[in-house]
Amino acid sequence: MLRIGSYILLFYLAFRLSKHSFEFEKVSRLELVVLPLYSTLMFFITMTWKEEDIIVAIVLFLLSFLIGWLQSSKVEFKDEGKKDKYERPIILMKKNWTYIIGWIILFLVIIGAHFYANSHLELEDIVTEFWKEMVKEILIFARFNAKNGWETWLITGISSLTFTCFIKSKNKKLVETLARRRQNSSFNK
């Protein structure tokens with residue numbers, strides 16, 4: 001009975017998260033710059049540089065790039081016409097259905113990489129991985145505490161960096177929005 005309740009809660013959380021993809025939300029520098037760079041750095045730290053792993057990494061890199069491109073393909077923006085306290089434009093973003101499809105594909109690729117790394121896969125492993133991914137989507141700081149293999153770091157890092165690069169090319173103000181905060185102009189006088 002407890003397991004059925006867990007599954008119901010898990011699917012409810014997935015529904016709630018997917019619903020947010022259809023709402024305009026403020027663009028986050030943490031989500032679009034810091035976490036992708038952190039994930040990529042963690043890939044380089046955790047990667048085992050054996051020949052077979054390098055081949056797998058190349059395949060995962062290509063898949064992750066395509067997923068990031070797919071996720072960014074239908075993103076919409078809304079300019080608030082306002083600036084934040086650092087004088088950066090406030091841009092709202094709606095990720096839409098391609099983001100959700102990309103997230104599902106991303107999850108399946110992570111499961112495949114988990115299977116590759118462990119040579120076996122059980123339903124419980126899939127559910128556990130899904131829980132981890134849901135927690136990382138809900139609590140963005142959970143990504144910093146994640147104990148992932150190099151495969152997962154590569155997949156999340158490259159797909160996120162690709163997503164960020166493509167959406168920046170769609171909206172030129174995003175470059176300003178995602179920039180580091182500006183120095184206080186009173187110090188420059």
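**Helices, strands and pairings in a predicted model**

Buried residues make up 38% of the 189 residues in the protein. Buried here means under 20% relative accessible area, exposed means over 50%, and partly exposed lies in between (1.4 Å probe, protein chains only). The structure is a predicted model, in which local features need pLDDT of at least 70 and side-chain atom pairs count only at pLDDT 80 or more, while totals for chains, interfaces and linings use all residues. Residues are numbered from 1 along each chain as its sequence is written, and side-chain values use heavy atoms, with hydrogens and water left out.

Trainee: How many helices and strands does the secondary structure of the protein come to?

Mentor: Helices (H or I, at least four residues) and strands (E, at least two) are DSSP runs, numbered from the N terminus. Read from that end, the elements run α-β-α-α-β-β-α-α-α-α. The count comes to 7 helices and 3 strands.

Trainee: What share of the contacts with a separation of 6 or more comes from residues 24 or more positions apart?

Mentor: A contact means heavy atoms within 4.5 Å. Among the contacts in the protein with a separation of 6 or more, the share from residues 24 or more positions apart is 76%.

Trainee: How far apart are the end C-alpha atoms of helix H3?

Mentor: The expected span of a helix is 1.5 Å times one less than its number of residues. Helix H3 covers residues 51-72, which is 22 residues, so the span should be 32 Å. The model agrees with that, as the end C-alpha atoms of H3 are apart by 32 Å.

Trainee: Which helices do the buried residues of H3 pack against?

Mentor: The buried residues of H3 include Asp-53, Val-56, Ala-57, Leu-60 and Ser-64. They cover an arc of only 125 degrees around the axis (taken from the directions from the helix axis to the C-beta atoms), which puts them on the same side of H3. An α-helix has 3.6 residues a turn, so residues three or four places apart point the same way. The partners of the buried residues of H3 are helix H4 (97-118) and helix H6 (150-170).

Trainee: Is Arg-88 buried or exposed?

Mentor: The side chain of Arg-88 meets that of Asp-84 in a salt bridge (3.0 Å, N to O). Asp-84 has 17% relative accessibility and counts as buried. The relative accessibility of Arg-88 is 11%, so Arg-88 counts as buried.

Trainee: The side chain of Thr-177 reaches the backbone oxygen of which residue?

Mentor: Thr-177 lies in helix H7 and counts as buried at 9% relative accessibility. Not counting residues up to four places away in sequence, Thr-177 touches Val-27, Arg-88, Pro-89 and Ile-91. At 2.8 Å, the side chain of Thr-177 reaches the backbone oxygen of Pro-89.

Trainee: The side chain of Asn-96 makes a polar contact with the side chain of which residue?

Mentor: Asn-96 lies in the loop between strand S3 (89-94) and H4, and is buried with a relative accessible area of 8%. A polar contact is a pair of N or O atoms within 3.5 Å; within protein, one must be able to donate a hydrogen and the other to accept it, and residues adjacent in sequence count only if both atoms are side-chain atoms. At 3.0 Å, the side chain that makes this contact with Asn-96 is that of Glu-76.

Trainee: What distance separates the C-alpha atoms of Arg-180 and Arg-88?

Mentor: Arg-180 lies in the segment after H7 and is exposed, with a relative accessible area of 68%. Leaving out residues up to four places away in sequence, Arg-180 touches Arg-29 and Arg-88. Arg-180 and Arg-88 are 92 residues apart along the chain, and their C-alpha atoms are separated by 9.1 Å.

Definitions and conventions:
A salt bridge is a side-chain nitrogen of Lys or Arg within 4 Å of a carboxyl oxygen of Asp or Glu.
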